[in-house]
Amino acid sequence: LQNPTTDSWDAVKRLGRYLVGVPRLVQRFPRQPPQSVVVAFSDSDHAGCVKTRKSTTGVALFHGSHMLKFSSHPQTVVSTSTGEAEWYACVKAASALIGLRSLGADLGRKFSMLMRVDATAAQGIAARRGVGQVKHLAVSTLWLQQWTTSKEMKIKKVDSGENVADLGTKHLEAKIPQHLLKLLGFHVQEGRVEAPKAY
């Protein structure tokens with residue numbers, strides 16, 4: 001906003017067109033049976049920032065069909081490959097997943113953990129010990145390998161079109177965000193929010 005460019009104006013117009021078509025977005029939490037697994041989705045875009053060449057991490061946490069957390073933020077390390085960027089996104093999602101499991105334990109609920117990623121490179125790094133061929137990998141992230149090789153946290157592949165974390169990292173065709181928002185539990189509604197009734 002301080003130093004707008006032509007690209008900034010294009011982004012504002014794009015946002016305006018979206019808001020005209022989606023006046024109100026409501027998140028629903030339907031009733032569901034007790035869950036035994038908490039799930040995290042992760043994604044990244046490699047070197048997405050044209051100024052810093054840092055990648056962006058997208059993370060979504062689920063308890064059953066309920067999306068509890070969604071985040072999108074730049075990575076602190078400059079990744080030199082797509083696989084490395086995806087790995088750092090996995091580490092961020094795993095940290096949030098462990099925190100959610102700990103919260104459940106505090107409330108007397110025991111959960112197993114599942115990571116869903118669309119990058120086979122990140123799965124490969126998780127399945128081994130050490131940096132392997134990725135010599136520049138930040139060693140401070142290798143703790144996740146112990147969690148995955150011990151089976152305390154499972155990692156499974158998710159199709160790119162079903163990875164809800166894509167919303168935090170990519171520009172997508174209009175129909176894809178609409179589908180992913182439904183998976184996150186969001187629904188488009190017309191009109192304004194009704195004022196609460198006085199009792």
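## Aromatic pair

The structure, a predicted model, contains one aromatic pair, where rings of Phe, Tyr and Trp (its six-membered ring) pair if their centres lie within 6.5 Å. The ring centres of Phe 41 and Phe 62 are 5.5 Å apart and the ring planes stand at 70°, so the pair is classed as edge-to-face; planes under 30 degrees apart count as stacked, over 60 as edge-to-face and the rest as tilted. Because Phe 41 belongs to strand 2 and Phe 62 to strand 3, the pair ties together parts that are 21 residues apart in sequence. Helices (H or I, at least four residues) and strands (E, at least two) are DSSP runs, numbered from the N terminus.

Phe 41 counts as buried at 11% relative accessibility, and Phe 62 is buried with a relative accessible area of 6%. Buried means under 20% relative accessible area, exposed over 50%, and partly exposed in between (1.4 Å probe, protein chains only).

## Basis of the model

The model is predicted: local features need pLDDT of at least 70, side-chain atom pairs count only at pLDDT 80 or more, and totals for chains, interfaces and linings use all residues. Residues are numbered from 1 along each chain as its sequence is written, and side-chain values use heavy atoms, with hydrogens and water left out.

## Strand 2 and its neighbours

Strand 2 spans residues 37-45 and is mostly covered, with eight of its nine residues buried. Strand 2 is joined to strand 3 (residues 56-63) by eight bridges in an antiparallel arrangement; two strands pair if DSSP finds at least two bridges between them. Within this pairing, Ser 44 stands opposite Thr 57 of strand 3.

Strand 2 also runs parallel to strand 5 (residues 112-117), to which six bridges join it. Here Val 38 has Met 113 of strand 5 as its bridge partner.

## Sheet and packing helix

Five strands make up an open sheet of mixed pairing, in the order 4-3-2-5-6. Strand 4 (66-74) and strand 6 (153-157) are the edge strands, each pairing on one side only. From one strand to the next, the twist averages 20°. Axes are lines fitted to C-alpha atoms, for helices over the stretch in contact, and angles run from 0 to 180 degrees between N-to-C directions.

Strands 3 and 4 run antiparallel and are joined by eight bridges, with Leu 61 opposite Lys 69 of strand 4. Helix 2 (residues 82-106) packs on the sheet and touches strand 2, strand 3, strand 4, strand 5 and strand 6, contact meaning heavy atoms within 4.5 Å. The direction of helix 2 makes about 155° with that of strand 2.
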